[in-house]
Structures are given as structure tokens and as C-alpha cells.
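Please keep the structure in view while reading.

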Amino acid sequence: MLVGYARTSTLEQEAGLEAQVRDLKALGCEKLFQEQVSSVAPRDALEAALEFVRAGDTLVVTKLDRLARSVTHMGTIIETLEKKGVALRIVNLGVDTGTPTGKLMLNVLGGVAQFEREMMLERQREGIAKAKGEGRYKGRKPTARAKAEEIKALSAQGMSMNAIALKLGIGKGSVHRALSPKAAIA
């Protein structure tokens, strides 16, 4: 059986997820697992797919980066699949671990992908450092903690947590945390 796995990192990538699902169905995947979650977050659908596959099945993904976040993670996934007698097919690379050449190619390509990710992160850090040095880096917008005093003042005026949250454009939970006794200790 061909079992498909599709993933995008964010909800804004809906079209990318739909394209993966469409491609996996066109390839003949009888069972599909899909999710919209960061590669570093827990991935329940991936775990479910790895649990579901049986000996003789092939797990199919459209791209390597949809499956593994690092060479180590990819190795763990491949080891899990090998123990179960399951092959892995990565469509855009033409790699199928059902063959010795496919296994070799996957390991080489995984190493290159991890190298490229590390280089991208290094360039990103360099860009942020340069922008900070030039005074152009603004960083993340202030969180609800930055509005703690304003939250407390509005609460003292008798405003409800819901009204405070709406007025300040923050979540009700953030208002609750700012008003909790533990917030005063921190």
C-alpha cells in the first residue's frame, strides 16, 4: 500500500498542503496523513503514519523537507521504517529506499539539505546582526507583558477582562496572566 504524508508549517500555506495532497492522491496513495505544524513541533500525523504503515508498504512524501528536520531525524524515521519493512519514496528527488541506490541517495541528499538549512540560519543571524548594528532591527512587537501596567489600570477602573483584551488587542488569557498574583512576583 502507498501511504502519503503531507505537511506545511503554517496555516497560511493552505495551497501548498492542498497541492501535496493532490499529488499524493495522483500517485495512488490509498491512505493520507496531513498536518499543518512546524517541523520542530510535535507532529502527530507523522507519528500516526509511522504507526500505521506495515511491511511491504511505501511511505510517500512529495519533498524531503516535508518529512525530516535534520539528518538525524531522517535517520530515525528511516530506521523506524526499515524495522517495519517499509520503503520511503521522495517524489521530487526520485528517491525510493526500496533500492540500495535509493538509500545511498537519500543519505547524501539529507546531508546536503541539513547543510543548506544551517547555512540559511547563519545568513539570517548575520543579517540580523548587521541590521542591529545599523539600528534598523526592530525585533518582535511587544507582547502583552509590555502592556501589564495598562491592563492593571483598566482593571482598577472596573473594566472586564474581555473588554480589556478587546481594547488592547490582546488575548483574554494574556489579561488574566497580567492580573494574576503570580505576575506581581515575577
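The axes of H3 and H4 approach within 9 Å and cross at roughly 155°. An angle over 145 degrees counts as roughly antiparallel, so H3 is roughly antiparallel to H4. The model is a predicted one. The notes below take the helix pairs in turn, with the pocket between them.

**H3 and H4**

- Helix H3 spans 71-84 and helix H4 spans 100-133.
- The crossing of H3 with H4 is right-handed.
- On the H3 side, the residues in contact are Val71, Thr72, Met74, Ile78 and Glu82. They meet Lys103, Leu106, Asn107, Gly110, Gly111 and Gln114 of H4.
- Sorted by class, this contact holds four nonpolar, five polar and two charged residues.

**The largest pocket**

- H3 and H4 each contribute at least two residues to the lining of the largest pocket.
- H4 gives the largest share of that lining, with six residues.
- The lining of the largest pocket divides by class into seven nonpolar, seven polar and six charged residues.

**H2 and H3**

- H3 also packs with helix H2 (residues 44-52), at an angle of about 25° and with the axes 10 Å apart.
- Angles under 35 degrees count as roughly parallel, and H2 and H3 are therefore roughly parallel to each other.
- H2 brings Leu46, Leu50, Glu51 and Phe52 to the contact, while H3 brings His73, Ile77, Leu81 and Lys84.
- Five nonpolar, one polar and two charged residues make up the contact of H2 with H3.

**H6 and H7**

- Helix H6 covers residues 161-168 and helix H7 covers residues 172-179; their axes come within 8 Å and cross at roughly 115°.
- The range from 65 to 115 degrees counts as roughly perpendicular, so H6 is roughly perpendicular to H7.
- H6 and H7 cross in a right-handed sense.
- From H6, Met161, Asn162, Ile164 and Ala165 take part in the contact, and they meet Lys172, Val175, His176 and Leu179 in H7.
- The contact of H6 with H7 has five nonpolar, two polar and one charged residues.

Note on methods: Residues numbered from 1 in each chain as written. Predicted model: local features only at pLDDT ≥ 70, side-chain atom pairs only at ≥ 80, totals over all residues. Heavy atoms only, no water. Axes fitted to C-alpha atoms, helices over the stretch in contact; angles between N-to-C directions. Helix = DSSP H or I, 4+ residues; strand = E, 2+ residues; numbered from the N terminus. Left-handed = near helix turned anticlockwise from the far one by under 90°. Contact = heavy atoms within 4.5 Å. Nonpolar A, V, L, I, M, F, W, Y, C, P; charged D, E, K, R; others polar.
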